[in-house]
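Colleague: I would like to learn how to read a model like this one. Can we take it feature by feature?

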Amino acid sequence: MAIPERIDLLPRCPGVTAVSIPRGPHSPDSPYSGFNACHYVGDDPAHVDACRRDLAAMLGLTPDRLVIPRQTHSARVEIVTDPSAVLEGVDALVTDRPGIALCINTADCVPIVLADHVSGVIGAAHSGWRGTIASIAALTVEAMVSLGADPGRIQAAMGPCICSRCYCVGEDVARQFIDKYGKESDQVVRPFGQYHIDLPQAVRLTLLHAGLKPGHISLPTECSHHTPAGRWPSARRLGIASPRTLTAIFKQ
């Protein structure tokens, strides 16, 4: 299949490409139809490989330059030096090597891309509610700093994810966000009759605490759950046996 389009996330970082890929044309009768490059959600491996080849061609890379970990909602960050490494239980990636595409798969969770174009250090992170509570965004910044990045220079953007009106949670989850963010929790926990979590705002606060400048953080422009016509995969809408949105970042 040909990838229909891409959403550019970091246009202010020269030499850095960061994109999210919509699902594209698909059939409601075929759960994995459309674009899906995630290898551990039950899709046909041949379809996954074809999507990866199309993605690599769109980015001007070869498929072996795509680094796609198996994510487990952990807070583990891996510094990537070898794109052929098999990464299990990893939810964030950092590198200073050119031509390596760091890829994150999501279906309602927050995909985050980060870049310090001066040092050439980039990162990508998957931040669901567990990863957000564990400050995976801040841990990704910390790993970038270890390679020479400066938090004051890092630009960050979030790809499509579930919005606060769609993201209803139980009191046990809400309490963890209230405890974590304290006086700032009113920006994160929304009273829409039940508890609702604003994951992008939680990630934004985490990045600010990690030293990023407010003007260097871009919030998502689309909700993965309520966007019409299934533009973005949503595990809450489709179930876990469904495609994932791939978000990738690489530097030339």
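Modeller: Start with Cys-13, which sits in the loop between β1 (7–8) and β2 (16–21). Helices (H or I, at least four residues) and strands (E, at least two) are DSSP runs, numbered from the N terminus. This is a predicted model, where local features need pLDDT of at least 70, side-chain atom pairs count only at pLDDT 80 or more, and totals for chains, interfaces and linings use all residues. Residues are numbered from 1 along each chain as its sequence is written, and side-chain values use heavy atoms, with hydrogens and water left out.

Colleague: Is Cys-13 buried or exposed?

Modeller: Buried means under 20% relative accessible area, exposed over 50%, and partly exposed in between (1.4 Å probe, protein chains only). Cys-13 has 3% relative accessibility, so it counts as buried.

Colleague: What is the volume of the largest pocket, and what classes of residue line it?

Modeller: A volume is the space filled by probe spheres set on the grid points, which are joined across faces, edges and corners. The largest pocket holds about 440 Å³. For classes, Ala, Val, Leu, Ile, Met, Phe, Trp, Tyr, Cys and Pro count as nonpolar, Asp, Glu, Lys and Arg as charged, and the others, Gly among them, as polar. The lining has 11 nonpolar, seven polar and four charged residues.

Colleague: And what of the second largest pocket?

Modeller: Its volume is about 240 Å³. It is lined by 15 residues, with Arg-52, Leu-66, Val-67, Ile-68 and Ala-85 closest to its centre. That lining divides into nine nonpolar, two polar and four charged residues.

Colleague: How is a pair of aromatic rings described?

Modeller: By the distance of the centres and the angle of the planes. Rings of Phe, Tyr and Trp (its six-membered ring) pair if their centres lie within 6.5 Å; planes under 30 degrees apart count as stacked, over 60 as edge-to-face and the rest as tilted. The count by this rule is one aromatic pair. Phe-177 and Tyr-181 form it, stacked, at 6.3 Å centre to centre with 15° between the planes. Both lie in helix α4 (residues 171–181), four residues apart, about one turn of the helix. Phe-177 counts as buried because its relative accessibility is 0%. Tyr-181 is buried too, at 5%.

Colleague: Which charged ends sit over rings?

Modeller: A charge sits over a ring if NZ of Lys or CZ of Arg is within 6 Å of the ring centre and within 35 degrees of the ring normal. The charged end of Lys-180 sits over the ring of Tyr-181, 5.6 Å from its centre. That of Arg-165 sits over the ring of Phe-192, 4.3 Å from its centre.

Colleague: Why is α5 described as largely enclosed?

Modeller: Eight of the 11 residues of helix α5 (residues 199–209) are buried, so the rest of the structure largely encloses it. Among them are Leu-199, Pro-200 and Val-203.

Colleague: What caps the N-terminal end of α5?

Modeller: A polar contact is a pair of N or O atoms within 3.5 Å; within protein, one must be able to donate a hydrogen and the other to accept it, and residues adjacent in sequence count only if both atoms are side-chain atoms. Asp-198 is the cap, with a side-chain oxygen 3.2 Å from the backbone nitrogen of Gln-201. Just after α5, Gly-211 takes a positive phi of about 110°.

Terms used: On a 1 Å grid over the protein atoms alone, a cavity is a set of points where a 1.4 Å probe fits but cannot get out, and a pocket is an open set with protein on both sides within 12 Å along at least five of seven lines; lining residues have an atom within 4 Å of a point.
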